[in-house]
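Dear colleague,

I am passing this structure on to you, and the notes that follow are meant for someone who has not looked at it before. Please keep it open beside you while you read.

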Amino acid sequence: MRLAGRDLVAIEDLDRPAIEEILEAARALVPAAEGGSVRHTLEGRLVAMAFFEPSTRTRLSFEAAVQRLGGRCLTIADPAATSLRKGETLSDTLRMISSYSDALILRHPNSGAARLAADLSDRPVINAGDGSHQHPTQTLTDLATIQEACGSLVGRRIVILGDLKYGRAVHSLIWALALFGNEMVLVSPPSLRLPESVRQRVRHLAGRIREEDDLATALADADILYVTRIQRERFPDETEYRRVAGSYRIDRATLEGARPELRVLHPLPRLGEIAPEVDPTPHALYFRQAFLGVPVRMALMQSILGGGA
Ligand code: CP
């Protein structure tokens with residue numbers, strides 16, 4: 001699959017060889033992502049970062065990726081400073097931004113905003129998170145982290161804990177893990193279970209999904225624990241949020257019964273769901289995961305804009 005000039009709206013836009021190619025390129029780009037060598041693959045390219053929702057990792061790692069490859073960025077980090085405030089439509093706004101740049105990286109609270117942008121734009125559009133729909137570049141980062149930790153993306157047992165209803169990172173990740181034939185064990189508060197629509201999307205793939213109520217049982221022979229934040233901003237009703245807030249927390253005691261090789265990932269930001277006392281343990285991989293967002297997004301941008309792998 002050639003990625004040059006293509007959109008990335010959902011993780012399904014990538015087939016398995018394309019994902020493997022991006023991950024391989026990302027591994028080779030780690031020294032450049034660390035600032036150790038200079039690449040010029042995106043020299044002369046201008047990439048728009050249109051962030052209509054808060055972000056630290058996704059926006060800054062995309063900006064770092066583009067600039068480490070010699071490209072430049074146009075950035076909207078505060079939607080209140082755009083003409084949306086004057087009543088301009090999202091469609092018109094996206095058309096403008098797209099015409100000023102060679103590619104558009106979009107984060108928006110509405111599920112489907114990235115699809116809208118891709119339909120309007122004749123430049124590549126990359127979904128940096130749309131509502132509770134998908135976050136495909138987070139998934140590429142997650143896969144790179146799992147591969148680095150486990151050596152292989154195939155046949156792993158991965159516990160996914162937290163808000164499986166509203167979590168867009170999970171909705172993308174589950175598809176990719178199923179594509180690579182992994183076993184997923186889902187642990188969540190009952191009101192935040194995985195939507196049936198996501199389950200249906202992966203039914204034809206090799207991976208297997210089961211639910212487990214008891215986290216300790218789920219962790220007993222797991223390779224990866226993927227923890228997520230409860231997505232407060234997606235709840236239609238604050239009372240519903242308060243009912244589940246703080247209902248799970250990973251600390252050293254939680255991990256005592258797990259395998260020493262268990263690695264803990266989290267797309268971040270975290271609130272209280274992983275205690276800081278876990279950070280210095282060999283289990284904690286979430287800060288490495290956040291760093292790997294840079295070489296992964298470098299590899300993706302090279303593939304889409306630079307003509308590289
Ligand atoms: N993981 C993630 O999407 O983080 P940000 O919201 O900080 O971009």
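A salt bridge is taken here as a side-chain nitrogen of Lys or Arg within 4 Å of a carboxyl oxygen of Asp or Glu. By that definition, a search of the whole structure finds 23 salt bridges.

Two remarks on the basis of these values come first. This is a predicted model, in which local features need pLDDT of at least 70 and side-chain atom pairs count only at pLDDT 80 or more, while totals for chains, interfaces and linings use all residues. Residues are numbered from 1 along each chain as its sequence is written, and side-chain values use heavy atoms, with hydrogens and water left out.

The two domains

The protein is divided into domain 1 (11–133 + 293–304) and domain 2 (136–290), with bounds that come from an automatic or database domain assignment. Domain 1 gives 31 residues to the contact and domain 2 gives 27 residues, where contact means heavy atoms within 4.5 Å. The C-alpha centres of the two domains lie 24 Å apart.

How much area is buried between domain 1 and domain 2? The figure is about 2300 Å², of which carbon and sulfur atoms give 59%; buried area is the accessible area (1.4 Å probe) that two parts lose on being put together, summed over both. On the side of domain 1, Ile 11, Arg 16 and Arg 57 lose the most area to domain 2, and together they account for 28% of what that side buries.

Between the domains there are three salt bridges. Glu 53 and Arg 234 meet through their side chains in a salt bridge, at 2.8 Å from N to O. There are also eleven residue pairs in polar contact between domain 1 and domain 2, both residues being at pLDDT 80 or more; a polar contact is a pair of N or O atoms within 3.5 Å, and within protein one must be able to donate a hydrogen and the other to accept it, while residues adjacent in sequence count only if both atoms are side-chain atoms.

Several elements give two or more residues to the side of domain 1 that touches domain 2, including helix H1 (16–33), helix H2 (57–68) and strand S3 (103–108). Helices (H or I, at least four residues) and strands (E, at least two) are DSSP runs, numbered from the N terminus. H1 gives the most to this side, with seven residues.

Arg 232 forms a salt bridge with Glu 238, the closest N and O atoms being 2.5 Å apart; Arg 232 is partly exposed at 44%, and Glu 238 is partly exposed at 29%. Glu 261 is joined to Arg 259 in a salt bridge whose closest N and O atoms are 3.4 Å apart, with Glu 261 partly exposed at 44% and Arg 259 partly exposed at 27%. Salt bridges that share partners also join Arg 193, Glu 196, Arg 199, Arg 203, Glu 211 and Asp 213 into one network. Glu 212 and Arg 210 meet in a salt bridge at 3.6 Å, N to O, and Arg 210 is partly exposed, with a relative accessibility of 33%.

With best wishes

Note on methods
Buried < 20%, exposed > 50% of the residue type's maximum accessible area, 1.4 Å probe, protein only.
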